[in-house]
Structures are given as C-alpha cells and as structure tokens.
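Q: Before we look at any detail, could you show me the model and explain how its strands and its core should be read?

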Amino acid sequence: MKKIVSPILVVLIICAVCMTAFAADIPSKYSAVDKGYVTCVKDQGDFGACGAFAAVSCLESDYIMQGYGTKDNTDFSEAFLHWYAVNSAWADEKSDYYGDGVLFSGSVYNQGVVDSDLVSALKTDSGIAFERDFPYSAYTASKMGSYSDAQRFASGCNVRIKDIVELDISDRTDVQSWILKHGSAAVTFNGTRFYTGTNGTVANNPLALVNNHEVAIVGWDDDFIAQGAFSSLVMRNKGAWLCKNSWGEEWGDDGYFWLPYSDPTINSIMGISVTVNNECTDKYSYNGYAIYTSSKPVKGANLFTADQSGSIAKVAFYTAPDTDIKIGVYSDKGNSVPDSGKMLASYSGHYDDEGYYTVKLANPAAIKKGDSFYVVAEYSTGCPFEISEYTSSGAKQSYILVNDKWTDVNDTRDANNVPVDAIIVGVHSYGPNQHKDPTCTTVGYDMKVCEHCGKVVRTDIPAKGHSFSEWTRADSFRGGITAYTRECSVCGEKERQFRDSNGNIISLKEAEEIVSSNSFFSGIYTNIISGFRTSAQLFTDFYKTVMMRLVYFFATILPF
Ligand SMILES: [Zn+2]
Ligand SMILES: [Zn+2]
C-alpha cells in the first residue's frame, strides 16, 4: 500500500511546488490600463455590438503589447468585426470569406453576437480593419453591406488573428496569465443591472442566469471588496476583475467597473491574439462554425489546392480542451485516402484550453501552384466539427475516418469537416493601384492589394484643408458685437467668427455674455447668436424669458 501511495504524494508535492511558483509570478493587483496597453473606452450606442467591442479591445491590447502601436494610435473597427460576425454568410460563395457568421434578418447592428459568431468571423482570413476605414457610428447596415469583400478586406490593416482561446473560468491564474501576456480578455456575463458601490461600479444582478453582455477584462484586484446592494450575493469572496465597458467614458468609473470573481453569471472568458501579416500568407480553410459533435477520439482531413507556389508553413485548428492533437500534411495521390500520400510536414501538441490555434510548422513543406494536399488532424478527445450549413467544403474536399474507413463528409448528413486549416507562405502579387483623392477633411490614398494574401501597401494622401474665402460681415448684435462668416469654395463648409466693438476676435461664449448683459430678452439673443436652437426651442426660450421678466417686474414693484 505504501509503495502505491508514495508516487502519488510525490506528484502532489511537485504540483504544489509548480502552482506556488506559478502563482508567485502573478501579482495580486494588476492593471493593463496603467501599463498603457488598453485603448480608450468606446461607446456602442444603441446597437447590440458589445461582443465586437470586447473582442476588438483584445486585438488592440495584444497589438500594442507586441510593440506595433500605442494606446493612442491603435484603433481597430468594431463595425467591421460585427458585420462579419453576423452577416458574412451573405458573402460570395466563392470568396475566401464565405461561410462564417450567422444569417440574421433586419438591421445587422441591432443583433447581438455570441462568442461562437465572433470566433467564426475571426478565424477566417479577414482579420480586422482600421477604425478610420470603417468608423462605427457612420456606418449603417446597408452601407456596410454595399461593400464588396475585397473592399472590406483592403483597409490597409494587415492584422490577422493568431489564437482564440476559451480560457478556463474555474482557473483564475489561466485568465490572469493571459492578461499579463496579451492585455485583455473578453468576458460574457449578465449586465442587466449594475450598482455603484462606494469603491467602484460593480455588476451585477445576482438573480439573473443568462449572460447578455460582453466586456473586456483588463486587470484585477484580489483584495477588492464590493459594497452596496447585491454585494453579499455577488461577493462571496473578495477579489474582482477590472473591466472596460463599451458604454462611453461617462458611464461607471470613467467607463470601467469591477466584476467580482464570484459573479455567478460569468459564462466564458475568451482570449484573442493577433499576428501582423508581412509575409504573403494565404489561409486555406472551409471556415465554418465549430460545434462539438463527437466526444470520442477522432481523425479527419481537408483537401486543399494551392493557388500559388510557396511553402505550407503554418497550420491552424480548433481543438477541445485537454487534447493531444497530431497533424500531418500529405500529398494528394488522387485516391480519396487522405493519409496515403507522402507526408510533407507534421505537428503535434497538447492543448489545455479549448480554442482556435495557429502554429508554425518546424519543417515547412514546399508546394507548387495547382498541387493539392491533405491536412490530416487526429484528436485524442472529442473534436469540434464545423457545421455544414456554414462551411464551404464540397465533394471530395473533406473526410472523416469512420470505422477505419475514410468517408467523404459531403456524402453524410451527420458528419461535418474537422476545423483544420493550412497557411501557405508565398510571394506577394499586387493588383493595380487604387487611388482615392483626399477631400478637405478626409485623407486619400494610393493602395495596392496582394491577390493571394490581401496584404495592403497603402500611402495616405493628407486631407487638403478647406479653401476659405475672406471673412465677410454677416450680423450685428447688441453691445457692439459683429459676426463674420466665410465659406469653403470646395466643400461649402461655413465658419462664423465674432468680434467685439474694438474689432478683436472673441469666442462665442464671450459674445453671448456681452449680448446678454446688454439685453432685456437676453436668452433669446444668446440663442440667436449661437444659432443652435430650433424655432420651437426659441419660442419656449422666449416664453420663459418673458414670464421670468414679468415675475421679476411685478415682484419688485408690488408691495406684497
Ligand atoms: Zn501576398
Ligand atoms: Zn472644404
């Protein structure tokens, strides 16, 4: 008996040592915001796009931590990601971007997205766009829908997704380690009710069971103690995540709040990392929407045809948690037996967390344009398959090993392709120059796009600035105030300027004060000068001013 117990004890002691050493590397309090790894708080407005905001915060933080940008000059497009997540099933079937996302009716931006939609959109090769090219507030669903895939893709942003990891919500150090390395993680929880404690804004409605909101975790405090309503219910233990919400800087603590570790509605925490696409890398994928349909070890394969010569340098795959995965790249012998050809490259690894991972092959395999090859994946545990409704694989493209026999997934309704992709590195082949003229206020560009990988080489042309006429006298007001106007001869933009009785330029506020102190009906004059009021508002202002003046008048002359 003793002989059996001893090795177990040894293992336990080793584990305890490992855990202690690991925990020692993680501080009890951390803020990626203070480190400068987090971009400013955004406002999602009335649209249900919280998931895109949380995910984009992850991409931005990882990009900054890798040294590609700063918190002030890094700004990726939530509109772009959200559109892809909910809408890209509408894309051209032959396009690389077909097959991800879920089809909704109605306004795209009114749809919330769940993590699986985001993952489907992110794991395609569409990457992310710059905010300046797809600004959130300016785009309606119909406007985004009018862009072709190439236009959506060619935004000059060469950022692609590397890993998308479902972090272990039962293991806080798993999440903390990710944030120390990548800056942000996206958490889903119930955000229906928040309350403000004396030491920070804290979620949540402890009675709610569904998760309906997603924000970015950007730090933590193991000693945080919430106070106020609900605190005894959500704060079973001390400690909370520092979260960046997407409801503007006016909300919460400058847009941030604390989400207790013990909040019962925390449903998932997702980490996303990025890679910057400088080489000519083209992803071969049947895309799709990964879902578990197997709990047993499984083997599957996808067949791809290279559309350029280069080397198969990376593979990407979705895996279940706690899984050993083996991948082999094989030449195609044309007999529909995926692993019958020559093995060109291989990879194996163990993954603790479920997710989509991109890995470099130690020995990349050379491939010629037009050659086809299989990527065969063997999972030690259940494998997430991609649902056929959202995948683009056809006959003789995707196979599953059933009872030791390779079966074309196209021939069966209950088996779908394994989510395993290949990435070929080749040589850029740029299309013709695309030119856009600058306007008075927006930048233009010269841009060329690689037909293989979508890499964009872009030179911005600065905005031209307005071409204003001379100032001309427009209005005069009480107190010697004069208004001058000028107009841009190119775009028609108008500007207004005020001068006092000595001809000095003064601000609108100063002009209002002078007019007001010289007028009985001050409210009306200042509103006219501002020019910001509607006629209905002006009438209300007029009525209020007259009534106030009358009350004041009678109060001063009558004896009661
Ligand atoms: Zn390229
Ligand atoms: Zn102009």
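A: Two strands pair if DSSP finds at least two bridges between them, and helices (H or I, at least four residues) and strands (E, at least two) are DSSP runs numbered from the N terminus. This is a predicted model, in which local features need pLDDT of at least 70 and side-chain atom pairs count only at pLDDT 80 or more, while totals for chains, interfaces and linings use all residues. Residues are numbered from 1 along each chain as its sequence is written.

Q: In which sense do β14 and β17 pair, and over how many bridges?

A: Strands of a sheet pair through backbone hydrogen bonds, either parallel or antiparallel. Here β14 (residues 323-331) and β17 (residues 372-379) pair in the antiparallel sense over 7 bridges, and K326 stands opposite E378 in β17.

Q: What is the strand order of the open sheet?

A: The 6 strands run β15-β14-β17-β12-β19-β20, with antiparallel pairing. Because β15 (343-351) and β20 (405-408) at the edges each have a single partner strand, one side of each is left without a neighbour in the sheet.

Q: Which residues touch the most other members of the largest nonpolar core?

A: A nonpolar core is a set of buried Ala, Val, Leu, Ile, Met, Phe, Trp, Tyr and Cys residues joined through C-beta atoms within 7 Å, where buried means that 20 or more other C-beta atoms lie within 10 Å of the residue's own, with C-beta atoms placed from the backbone. Of the 100 residues in the largest core, A55, A185, V187 and C243 touch the most other members. Helix α2 (residues 50-65) gives the most to this core, with 11 residues.

Conventions
Chains lettered and ligands numbered in written order. Buried ≥ 20, exposed ≤ 12 C-beta atoms within 10 Å, placed from the backbone.
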